[in-house]
Amino acid sequence: MDSTIPFNKLYLSGNELDYVQKAHKSGFLSGDGPYTKLCNKWLEASLGAKKALLTHSCTAALEMAAILANIGPGDEVILSSYTFVSSANAFVLRGGVPVFVDVHPSTLNINENLIESAITSKTKAIIPVHYAGVACEMDTIMNIANRYNLLVIEDAAQAIMSSYKGQMLGTIGHMGCLSFHGTKNIVSGEGGALLINDESFLLRAEIIREKGTNRARFINGEVDKYTWEDLGSSFLPGEMTAAFLFAQLQSAIEITDMRLSIWNSYHKAFKNLNYDWLQLPNILDSCQGNGHMYYLILNDINDRDLFIKKMDLLGINCVFHYSPLHLSKAGKKYCKSEGVMEITKKYSDCIVRLPIWAGLSGENLTRVIKCSIEVLDEINILSFS
């Protein structure tokens, strides 16, 4: 048994270093090499996207999506404030204005019932963030988008291998953005992908990804030279990053199953605790999660901080999560909110995330559960007796 149980730990499926070595020996280390193409094909075949384009981060994928959406000064995009900064910053970089609406208390996903009231003549897109790998209510969101002629760009950074009514997250909206950061389920250290689900964006996406040039068409023999055609930047990952990622993708089902097993063990252990102040994650029947995150929502920030402190003393690393963007310095400068963000603020103060990584099992998993219950019992006595 490890003396300290980390919140996150890298899982190697077995072929990562072999593929990296082969990429190195091939001498092709720049972007769009054989392993990059293998990753793209895997994502297309396994997720059902019309086109997948590997990027060096999910941030890069979001920035590409903002360019494809023709976001310009004053254009508005609607999303939740309880997300990573890239979800908003990608659009601010184009001069866009993120408009925040509150989240559901049951999932911490954007409350789809608040979206329509936030739409103005300046609205260009909706950015559903699938928090913890659990799907937003995509039927309602797509219906709103269709009625108002808006784009839907899914921030599926945490959601690879999760689905909504049988359709993989990231493939429902016009575009989807994935992350392979070291904190995610499937990793390459840094890395991401842009999923193109609307064919009208295919050609321009390749140009933007290739620094604004038609280099992809040149490589495919479609033109005799390549030139600068559009906005763009260097969004490609290196080939060794793609080689590492391809090994992870080949084990995606195995990794997801392991994480779901841990998630289910946590849920089984905590769901019968008789504390009316404790809230557990909720996955709707229409969704299939991927075991990305297991969290507890405590009564207030003091109890949350006490839980983290006591678990740390027991050798178990638990962490809180996002500070809401609407409360940040940049959020106040560049963004605006529609309505009171009461749930976002409350739940961001109360959430604590438990260790979850492929390979966490046996005595270590039992220890996390046992210690969590002991600390929750202690908090119940201190705060509610």
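Which residue in E4 is the bridge partner of Ile 78?

A: In this predicted model, the bridge partner of Ile 78 in E4 is Ile 126. The pairing belongs to strand E2 (residues 76-80) and strand E4 (residues 123-126), which run parallel and are joined by three bridges. On the E5 side, Ile 126 has Val 152 as its bridge partner. Strand E5 (residues 151-155) runs parallel to E4, and two bridges join them. Between E4 and E5 the chain passes through helix H6 (residues 138-148), forming a β-α-β crossover that is right-handed.

An antiparallel arrangement is found in an open sheet of three strands, ordered E7-E6-E10. Its edge strands, E7 (167-168) and E10 (287-288), each pair on one side only. Strand E6 (residues 163-164) is joined to E7 by two bridges, and Tyr 164 stands opposite Gln 167 of E7.

As for helix packing, the axes of H11 (residues 301-313) and H14 (residues 362-384) come within 10 Å and cross at roughly 140°. H11 is therefore oblique to H14. The crossing of H11 past H14 is right-handed. From H11, the contact is made by Asp 303, Leu 306, Phe 307, Lys 310 and Met 311; among the residues that H14 contributes are Val 368, Cys 371, Val 375, Glu 378 and Phe 384. By class, this contact of H11 with H14 comprises 10 nonpolar, two polar and three charged residues.

Note on methods
Residues numbered from 1 in each chain as written. Predicted model: local features only at pLDDT ≥ 70, side-chain atom pairs only at ≥ 80, totals over all residues. Heavy atoms only, no water. Axes fitted to C-alpha atoms, helices over the stretch in contact; angles between N-to-C directions. Helix = DSSP H or I, 4+ residues; strand = E, 2+ residues; numbered from the N terminus. Parallel < 35°, antiparallel > 145°, perpendicular 65-115°, else oblique. Left-handed = near helix turned anticlockwise from the far one by under 90°. Contact = heavy atoms within 4.5 Å. Nonpolar A, V, L, I, M, F, W, Y, C, P; charged D, E, K, R; others polar. Pairing = 2+ DSSP bridges. Right-handed = clockwise from strand over helix to strand, strands pointing away.
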